[in-house]
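Dear colleague,

I am handing over the structure we spoke about, placed directly below, and my notes on it follow. Please read them with the coordinates open.

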Amino acid sequence: MGAKTFVTCTLACILALSAARTAHLRSQSSPASTSWPAVSPLGARNDLPNPYRAGVSWGQLPNGRKWGSTAGIAIGPDGNIWAIDRCGVSGSQGTNCADSPLDPILEFDLSGKFLKGFGHGLFVSPHKITIDKDGSLWVADNGMKDGRGQQVFKFNQDGKILLTLGKAGVAGPGTDTFDQPTEVAVAANGDIFVADGHGRAPTSNARIVKFDKNGKFLKTWGKRGSGVGEFDGPHTLAFDSQGRLFVGDRQNNRIEIFDQDGRFISEWKQFGRPSGIFIDRNDVLYVADSESHEAEESYGHNPGCRRGIRIGSAKDGSVKYLVPDLGPYPPPPGSTSPEGVAADARGNIYGAEFTMDVKKYVMK
């Protein structure tokens with residue numbers, strides 16, 4: 001018995017060594033992979049079907065105006081499309097709109113016809129736009145210049161300011177200050193949740209701030225880190241039909257899910273690196289990944305994950321489709337593809353791109 005065991009072990013070792021040598025020789029003679037793996041190390045699938053046609057530039061801007069960088073797009077109760085434009089300028093976290101006469105908040109009908117705009121002179125660098133069940137618009141400003149910025153505004157659809165959160169031009173961790181707020185989500189009872197913030201410094205805010213419907217501070221949760229309930233770049237928010245809050249914890253390459261008191265429910269990494277989240281009334285979940293790339297020790301590092309829009313279920317976390325970024329493999333650092341995402345009642349997708357465009361995706 002002992003002799004047989006020795007022979008078996010010896011043969012197994014020889015076979016293992018032979019296989020390792022063969023793999024080594026192949027790695028020396030064959031080029032590196034030139035295509036996406038089926039699944040990323042964090043579980044984001046790249047081999048999903050794509051039921052959409054290639055995106056086409058969308059939105060008839062007035063007076064020959066061109067899109068600037070954008071991260072925000074939303075659907076109103078009447079079906080009209082609202083978008084944030086950084087006043088025709090490229091970039092984020094800057095002062096794009098600070099000295100611009102252009103309106104950054106723009107409304108379009110479903111055909112892309114421009115209807116109206118407002119908000120010039122109010123914003124430094126608008127980030128995301130949210131529309132609540134009553135049709136009010138919420139916009140976060142993560143820039144700061146000349147005593148402006150670092151605030152969240154609530155508007156009616158004619159551009160009247162209904163509520164302001166944060167201190168103009170003041171960044172901080174207090175109950176009445178933000179540090180580069182990114183997006184707002186409004187619960188069914190009117191409670192307001194703000195993702196705060198976009199900064200990369202170790203001391204920058206990384207939290208969710210909760211207010212009541214009148215803007216009274218209620219609580220905050222989260223800190224910078226990668227553990228349960230921690231954040232590194234909370235970039236986007238959305239509620240599902242159960243009232244659970246989905247937080248796009250972008251630099252940690254995951255979605256974290258909480259109840260409305262901040263209790264952690266789950267984390268999902270199968271939707272890629274979330275720059276934008278949209279959940280429709282049927283709990284179809286759209287997640288825009290605009291940054292995943294291979295470069296180590298670099299902002300956006302999420303190896304083996306193809307950029308694009310992953311579509312699945314907010315109920316069970318299943319992922320069914322991928323509308324892929326059409327850029328080269330491997331992708332360069334930086335942003336491509338939509339950063340903000342929304343879908344209309346027909347399932348058409350609208351993607352707001354940092355690279356100065358809005359695209360519409362129609363089913364095949």
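Of the 364 residues in the chain, buried residues make up 52%, where buried means under 20% relative accessible area, exposed over 50% and partly exposed in between, with a 1.4 Å probe and protein chains only. Please keep in mind that this is a predicted model, in which local features need pLDDT of at least 70 and side-chain atom pairs count only at pLDDT 80 or more, while totals for chains, interfaces and linings use all residues. Residues are numbered from 1 along each chain as its sequence is written, and side-chain values use heavy atoms, with hydrogens and water left out.

As to overall form, the chain has a radius of gyration of 23 Å, which agrees with the value near 21 Å that a compact globule of 364 residues would have; the radius is taken over C-alpha atoms, and the globule rule is 2.2 Å times the number of residues to the power 0.38. Along the principal axes, the C-alpha atoms fill a box of roughly 85 × 45 × 40 Å. The chain has 1 helix and 24 strands, both being DSSP runs numbered from the N terminus (helices H or I, at least four residues; strands E, at least two).

Two of the sheets may be described in turn. Strand β7 (residues 137-145) pairs with β6 in the antiparallel sense over 4 bridges, and Thr130 stands opposite Trp138 in β7.

The other open sheet of 4 strands, also with antiparallel pairing, has the order β14-β15-β16-β17, and its edge strands, pairing on one side only, are β14 (234-239) and β17 (264-268). Within it, β15 (residues 245-249) and β16 (residues 254-258) pair in the antiparallel sense over 5 bridges, with Leu245 opposite Phe258 in β16.

Turning to side chains, a search of the whole structure finds 20 aromatic pairs, that is, rings of Phe, Tyr and Trp (its six-membered ring) with centres within 6.5 Å, where planes under 30 degrees apart count as stacked, over 60 as edge-to-face and the rest as tilted. The rings of Phe193 and Trp221 have centres 6.3 Å apart and planes at 70 degrees, so this pair is edge-to-face; it links Phe193 in β11 (residues 192-196) to Trp221 in β13 (residues 217-221), 28 residues apart. Both Phe193 and Trp221 are buried, and together with Phe231, Phe239, Phe258 and Phe264 they form one aromatic cluster.

Tyr299 has Arg200 over its face, at 3.7 Å from the ring centre, and Arg273 also lies over the face of Tyr299, at 5.0 Å; the criterion is NZ of Lys or CZ of Arg within 6 Å of the ring centre and within 35 degrees of the ring normal.

Finally, the whole structure contains 1 disulfide, defined as a pair of cysteine sulfur atoms within 2.5 Å. Cys87 and Cys97 form this link, with their sulfur atoms 2.0 Å apart, and with 110 degrees about the S-S bond it is right-handed. Both Cys87 and Cys97 are buried, and Cys305, at 0% relative accessibility, counts as buried too.

Definitions and conventions. Two strands pair if DSSP finds at least two bridges between them.
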